[in-house]
Amino acid sequence: LGDLHAFQSDEFSIRRRVQKPHEVLRSATEINARILGREGQLGVIAPGACADLIACVANPLQDIGVLGGQGEGISLVIKDGRIVKRAA
């Protein structure tokens, strides 16, 4: 994205203007997995699925903006079953 990389996470805030937070999250997870043909592997928390998870400092269903910015609202990132970010 080059110079626009800093604005990548603004998508969620823009989409909340026309979608409810749960619809934005579902689109970013479950629906995108379906588009990629990776249902059951991506976009779900289930045995055998990829272990990519995040924990936020606030509930994104109440404030989807917590997913914006450069990760300030994300306190934990687990990628491939390993912790790659843990806020102090």
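Here is a short briefing on the predicted model shown above, grouped by topic.

This is a predicted model, so local features are reported only at pLDDT of at least 70 and side-chain atom pairs only at pLDDT 80 or more, while totals for chains, interfaces and linings use all residues. Residues are numbered from 1 along each chain as its sequence is written, and side-chain values use heavy atoms, with hydrogens and water left out. The protein has 2 helices and 3 strands, running α-α-β-β-β from the N terminus on.

**Overall build**

- Helices (H or I, at least four residues) and strands (E, at least two) are DSSP runs, numbered from the N terminus.
- The C-alpha trace of the protein spans about 35 × 35 × 30 Å along its principal axes.
- Of the 88 residues of the protein, 18% count as buried; buried means under 20% relative accessible area, exposed over 50%, and partly exposed in between (1.4 Å probe, protein chains only).

**Helix H2**

- The 15 residues of H2 should span 21 Å at 1.5 Å a residue, and its end C-alpha atoms are 20 Å apart, which agrees; the expected span is 1.5 Å times one less than the number of residues.
- H2 also bends by about 40 degrees at serine 27, where the bend is the angle between axes fitted to the seven residues ending there and the seven starting there.
- Val24, Ser27 and Ala33 are buried in H2, so serine 27 is a buried residue at the site of the bend.
- Glutamate 23 is in helix H2 too, but glutamate 23 is partly exposed, with a relative accessible area of 33%.
- Glutamate 23 and leucine 61 are 38 residues apart in sequence, and their C-alpha atoms are 9.5 Å apart in space.

**Salt bridges**

- A search of the whole structure finds 6 salt bridges, each being a side-chain nitrogen of Lys or Arg within 4 Å of a carboxyl oxygen of Asp or Glu.
- Aspartate 63 pairs with arginine 16, with the closest N and O atoms 3.8 Å apart. Aspartate 63 lies in the loop between S1 and S2 and arginine 16 in the loop between H1 and H2, so this bridge ties together parts that are 47 residues apart in sequence. Both ends are partly exposed: aspartate 63 has a relative accessible area of 36%, and arginine 16 has 40%.
- Lysine 79 and aspartate 52 meet in a salt bridge at 3.5 Å, N to O. This pair also links distant parts of the chain, with lysine 79 in strand S2 and aspartate 52 in the loop between H2 and S1, 27 residues apart. Lysine 79 counts as partly exposed at 43% relative accessibility, as does aspartate 52 at 35%.
- Arginine 34 bridges to glutamate 39, with the closest N and O atoms 3.7 Å apart. Here arginine 34 is partly exposed at 40%, whereas glutamate 39 counts as exposed at 55%.
- Arginine 34 and glutamate 39 also belong to a network of salt bridges that links Arg26, Glu30, Arg34 and Glu39.

**The largest pocket**

- The largest pocket holds about 1,000 Å³ of space. On a 1 Å grid over the protein atoms alone, a pocket is an open set of points where a 1.4 Å probe fits, with protein on both sides within 12 Å along at least five of seven lines. Grid points are joined across faces, edges and corners, and the volume is the space filled by probe spheres set on the points.
- Of the 28 residues lining this pocket, the closest to its centre are Phe12, Ala28, Thr29, Asp52 and Ile54; a lining residue has an atom within 4 Å of a point.
- Helix H1 (10-15), helix H2 (21-35), strand S1 (53-56) and strand S2 (74-79) each supply at least two residues of the lining.
- By class, the lining has 16 nonpolar, 10 polar and 2 charged residues. Ala, Val, Leu, Ile, Met, Phe, Trp, Tyr, Cys and Pro count as nonpolar, Asp, Glu, Lys and Arg as charged, and the others, Gly among them, as polar.

**Loops**

- Valine 57 sits in the loop between S1 and S2 and counts as exposed at 59% relative accessibility.
- The C-alpha atoms of valine 57 and isoleucine 74 are separated by 6.0 Å, although the two are 17 residues apart along the chain.
- Aspartate 80 is found in the loop between S2 and strand S3 (82-86). Its phi is near 55 degrees, a positive value in a residue other than glycine. Most residues other than glycine have a negative phi.
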